[in-house]
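Have a look at the sequence and the 3D view, then read on.

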Amino acid sequence: MNLTALTIHEASDKLRRREISSVELTAAVFERIAATDDKVRAYLTLAHDQAIEQAKSADEQLKSSANPAPLLGIPIAVKDNFLTLGLRTTCASKILGDFIPPYNGTTVERLLSAGAVIVGKTNLDEFAMGSSAENSAFFPTRNPWNLDRIPGGSSGGSAAAVAADQCIAAVGTDTGGSIRQPAACCGIVGMKPTYGRVSRYGIIAFASSMDQVGPMTKDVRDSALLLQTLAGHDPADSTSSHLPVPDYSAALTGNLKSLRVGVPKEYFISGMQPEVEHAARQAVRELENAGALVAEISLPRTEYAVAVYYIVATAEASSNLARYDGMRFGYRADAKDLTETYMISRAEGFGAEVKRRIMLGTYVLSAGYYDAYYLKAQRVRTLIKNDFAEAFKQCDVIVTPTAPTTAFKIGEKTQDPLQMYLSDIYTISINLAGLPAISLPCGFDGDGMPIGLQIIGNHFDESTVLRTAHAYEQATEWHKQKPKL
Amino acid sequence: MKLTREEVARVALLARLRLTPDQASALTDQLDHILVYMDKLNQIDTANVEPFSHALDSAHALRSDKVTNRPNADALLANAPDRDETFFKVPKILE
């Protein structure tokens, strides 16, 4: 039996029946990593010994538990911008040096309390800034479907690890599309919950008004299971919501009758890959066949979203990254005085894309430019949020492609930063408005590369998003296809 | 050009980033290109629009001013580039 190909719910079932043990499952995952990661390069740090200990402990608990929690004994990969106690955390940057966090962030604590096994830390674009995992200070991760292509970013390592069965599931973060776009590139399910649904405590901050943690899984049922464990108020995160967490698995009814689906015309633009448009429109027809009521809608300010995002997110990032100063942790350069120490530590520790965004963010916040850029962008952001509020008066969900193209070649977009930024066009507005959205597979292009469908819901309506995604997935079975590694 | 070399130097100082002349030159071009793109926001009239402040419009979260964490100086100093007992050791701040 190919243990590493199991989903959370399949593995949980076998663990409960004592058909397999967590130690066997965990060992199989590490063997799979050893056999494939020289090609995929999904992982930065592996936690083998700790993982086996966690697996043994899970097996003990499984002996005395008739109804174990779904994550008990399940090997999960964690993006390397989550703080993990005692386990090196790099954020794919040189500036953190050999930083070993003195605490677990809330998501990691919740995973461990649920009995999950932490396999290791996955690669990302440095400080979560990027759409391809090429901005990692260490090495690029490769797409398991075609090793010359990007896995997407910034959660490229997590996406590739799930697609390659190098873990049963993973967690990532999404600020401008960083869970959804790599999920689309790698043919897996990736969800960004509503802003405030999952705690940001212990996530290395990029843009604090948009960062969110989310599940990256092999199917939608797993997404619901993992989200259930992650969601909920956290006193340590003052932006986390007090709203009760519904039973997400119970939402997977398979019933889409009278579901009102909006398809925004601004998301079908010239320059998008024809096969992506075709697959997305075909997916919408599938939803109609299942009883949904489809209507074209308009999100008029879509074309301004990239400009708004790259002002607001870089401004927030420039502030969040001021703490990397070489004083209390991380890399400190040898220099003649305090100012030189700051300037050289940061120059040597940060990569080019991070520096570019810090510079842009500092500029738009600086005296003389704040009103023209930052304040202006925040006003347009209100308008973008209003566009969605208007749309949700007439729809329950909004359906779009996740990205304008399938995964491009490694190195293809690194020459022009603006070209890379424009590839985020379909995911970015959702972060600006704080809405929940999922990406799941809806087909393949002529080169065999996965195509992603994005389903967007209203604030805190993850249940309807999951219900829609699950029904589509079960009717089409794209998720059963796996890359040949 | 929206952005001059002098402005890039000013911003680099604000951001505490030492740039080589080549990096400064490349950044000037790249940031200028990006800022020209940002100009499209001026197509929108935002005269009566409030700036976005929070996705949730929720009340500010406050707690009582009580210490709830345990003293943990050693763990917190473990990653220090330089330390002296319970202090982070840093370059001289006052001249």
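## Where the two chains meet

Let's start with charges: chain A and chain B share 2 salt bridges, a salt bridge being a side-chain nitrogen of Lys or Arg within 4 Å of a carboxyl oxygen of Asp or Glu. One of them pairs the side chains of Glu303(A) and Lys40(B), at 3.1 Å from N to O.

Which helix gives the largest share of the chain A side? That's H12(A), with 11 residues. By class, the side of chain A that touches chain B has 35 nonpolar, 14 polar and 15 charged residues. Here Ala, Val, Leu, Ile, Met, Phe, Trp, Tyr, Cys and Pro count as nonpolar, Asp, Glu, Lys and Arg as charged, and the others, Gly among them, as polar. In total, 64 residues from chain A and 50 residues from chain B take part in the contact, where contact means heavy atoms within 4.5 Å. About 5100 Å² is buried between the chains, and carbon and sulfur atoms give 69% of that. Buried area is the accessible area (1.4 Å probe) that two parts lose on being put together, summed over both.

## What kind of model this is

This is a predicted model: local features need pLDDT of at least 70, side-chain atom pairs count only at pLDDT 80 or more, and totals for chains, interfaces and linings use all residues. Residues are numbered from 1 along each chain as its sequence is written, chains are lettered from A and ligands numbered from 1 in the order in which they are written, and side-chain values use heavy atoms, with hydrogens and water left out.

## Two chains, two builds

Chain A has 15 helices and 11 strands; helices (H or I, at least four residues) and strands (E, at least two) are DSSP runs, numbered from the N terminus. The radius of gyration of chain A is 21 Å, close to the 23 Å that the globule rule gives for 485 residues, so chain A is as compact as a globular protein of that length. That radius is taken over C-alpha atoms, and the globule rule is 2.2 Å times the number of residues to the power 0.38. In chain A, 67% of the 485 residues are buried. Buried means under 20% relative accessible area, exposed over 50%, and partly exposed in between (1.4 Å probe, protein chains only).

Chain B has 3 helices and 2 strands, running α-α-α-β-β along the sequence. Its radius of gyration is 23 Å, well over the 12 Å that the globule rule gives for 95 residues, so chain B is more spread out than a compact globule. Buried residues make up 31% of chain B.

## Tucked inside chain A

Helix H4 of chain A (residues 106-113) has four buried residues to look for: Thr106(A), Thr107(A), Val108(A) and Leu111(A). They pack against several elements, including strand S2 (75-79) and helix H7 (220-230). Just after H4(A), Gly115(A) takes a positive phi of about 90°.

Now find Thr84(A), in the loop between S2 and H4 of chain A. Is Thr84(A) buried or exposed? It's buried, at 2% relative accessible area. Its side chain makes polar contacts with the side chains of Thr89(A) at 3.3 Å and Lys121(A) at 2.9 Å.

Over all chains, the structure has 23 salt bridges. Asp237(A) and Arg200(A) form one, with the closest N and O atoms 3.8 Å apart. Asp237(A) lies in the loop between H7 and strand S7 (260-264) and Arg200(A) in the loop between strand S5 (189-192) and S6, so the pair ties together parts 37 residues apart in sequence. Both are buried.

Glu390(A) and Lys393(A) make another, at 2.6 Å from N to O. Both sit in helix H12 of chain A, 3 residues apart, about one turn of the helix. Glu390(A) is partly exposed at 46% relative accessible area, while Lys393(A) counts as exposed at 60%.

Definitions and conventions: A polar contact is a pair of N or O atoms within 3.5 Å; within protein, one must be able to donate a hydrogen and the other to accept it, and residues adjacent in sequence count only if both atoms are side-chain atoms.
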